[in-house]
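This briefing covers the surroundings of a ligand and one annotated region of the chain. Please keep the sequence and model in view while reading.

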Amino acid sequence: MEVGFLGLGIMGKAMATNLIKSGFKVTVWNRTLSKCNELVELGASIGETPAAVVKKCKLIIAMLSDPAATLLVVFDKDGVLEEICSGKGYIDMSTVDPETSTKISQAITAKGGSFLEAPVSGSKQPAEAGQLVILAAGHKALYDLAIPAFDVMGKKSFFLGEIGNGAKMKLVVNMIMGSMMNAFSEGLVLAERSGLNPSNLLDVLDLGGIANPMFRGKGPGMLKGNHSPAFPLKHQQKDMRLALALGDENAVSMPVAAAANEAFKKARSMGLGDLDFSAVYEIVKMQKD
Ligand SMILES: NC(=O)C1=CN([C@@H]2O[C@H](COP(=O)(O)OP(=O)(O)OC[C@H]3O[C@@H](n4cnc5c(N)ncnc54)[C@H](OP(=O)(O)O)[C@@H]3O)[C@@H](O)[C@H]2O)C=CC1
Ligand SMILES: O=CCCC(=O)O
């Protein structure tokens, strides 16, 4: 089956690459078209617009930055909606809020297409290794059809029921992750300022009950000031913002997440948005005695 892929950023490039390498025929589109070239070298075709990709393919996957981008790619001129129709399925794997997902779902369905939201847990490295965790919701028949592609991109897929549930699950996970990154950064700074060797803290953490891949994977680089982006900080702050909105809707007080969001906002305002979200450590470190 010919698969369309819209959005070749950090994640989309890795995911589309795996599909091509696993034998899928893939047609790609990216707003900055030059980013398609690397995929073409691997065997992909290029679609000049999202609409052109949808016209050519029965299954189309999107991996875009945020709600604004996902809406533009569907509703704008030359967008997905112009060519979607019965027999075609659209899968949005971007991290967005349930309202955005619902809006897209309704528009696609109104034109006879089917829709699945399928945000992912896991970052650049798991995307490259085909080890993502896929959090799908929406049309079950489309989920079943997409399983061979999900199996290439991920290590486990969940079908979570109605539209919105995938987005909510993803936002809850990233809200926890963003809060953890802030607590971790504070711990590293506290260790250093109180006269401990923060590298020893990493070793101690890794042997205890709160050991986790994020501390293990990001800690050593953070201590060296290396924040080369796997998960851009601007996207983590977007996810905190969307998770806090979900908290508002459900009257869930989240003071820890709200404080973490402020730290990410401050990092963005200081120009760190394109670095990895671990760069929030630099904001915590800036505190004076
Ligand atoms: N990186 C990570 O670790 C993870 C990211 N995610 C989520 O996946 C999604 C993609 O993340 P990631 O690949 O890191 O992000 P990137 O910033 O690397 O890529 C974003 C993509 O969105 C496109 N885009 C941005 N704005 C627009 C627009 N207005 N119209 C059309 N296309 C647009 C970009 O195009 P262009 O190249 O032209 O800028 C690019 O293809 C996000 O929702 C993120 O939250 C989920 C799990 C992990
Ligand atoms: O949305 C990004 C998630 C990053 C991760 O799961 O490590």
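Helices here are DSSP runs of H or I of at least four residues, and strands are runs of E of at least two, numbered from the N terminus. The model is predicted. By that assignment, residues 164–282 are 71% helix and 0% strand.

**Annotated region**
- An unreviewed UniProt entry assigns residues 164–282 the annotation "domain: 3-hydroxyisobutyrate dehydrogenase-like NAD-binding".
- The end C-alpha atoms of residues 164–282 are 34 Å apart.

**Shell around ligand 1**
- Ligand 1 is surrounded by 28 residues, of which N30, T32, K35, S123 and K238 are the closest.
- By class, the shell residues comprise 13 nonpolar, 10 polar and 5 charged.
- Both domain 1 (2–162) and domain 2 (168–286) contribute to the shell, with at least three residues from each.
- Helix 1 (10–21), helix 4 (67–75) and helix 11 (233–249) each provide at least two shell residues.
- The most is given by helix 4, which supplies 3 residues.

**Polar contacts and cover of ligand 1**
- R31 places a polar side-chain atom 2.9 Å from an oxygen atom of ligand 1.
- The backbone also takes part: a polar backbone atom of S65 is 2.9 Å from an oxygen atom of ligand 1, and a polar backbone atom of L8 is 3.2 Å from an oxygen atom of the ligand.
- Of the 900 Å² of accessible area that ligand 1 has on its own, the protein covers 89%.

How values were computed. Residues are numbered from 1 along each chain as its sequence is written. Chains are lettered from A and ligands numbered from 1 in the order in which they are written. This is a predicted model: local features need pLDDT of at least 70, side-chain atom pairs count only at pLDDT 80 or more; totals for chains, interfaces and linings use all residues. Side-chain values use heavy atoms; hydrogens and water are left out. UniProt positions are given in the numbering used here, feature names are shortened, and annotations may be inferred rather than shown by experiment. A residue is near a molecule or strand if one of its heavy atoms lies within 4 Å of it. A polar contact is a pair of N or O atoms within 3.5 Å; within protein, one must be able to donate a hydrogen and the other to accept it, and residues adjacent in sequence count only if both atoms are side-chain atoms. Accessible areas come from the Shrake-Rupley method with a 1.4 Å probe; for residues, only the protein chains shown count as cover. Ala, Val, Leu, Ile, Met, Phe, Trp, Tyr, Cys and Pro count as nonpolar, Asp, Glu, Lys and Arg as charged, and the others, Gly among them, as polar. Domain bounds come from an automatic or database domain assignment.
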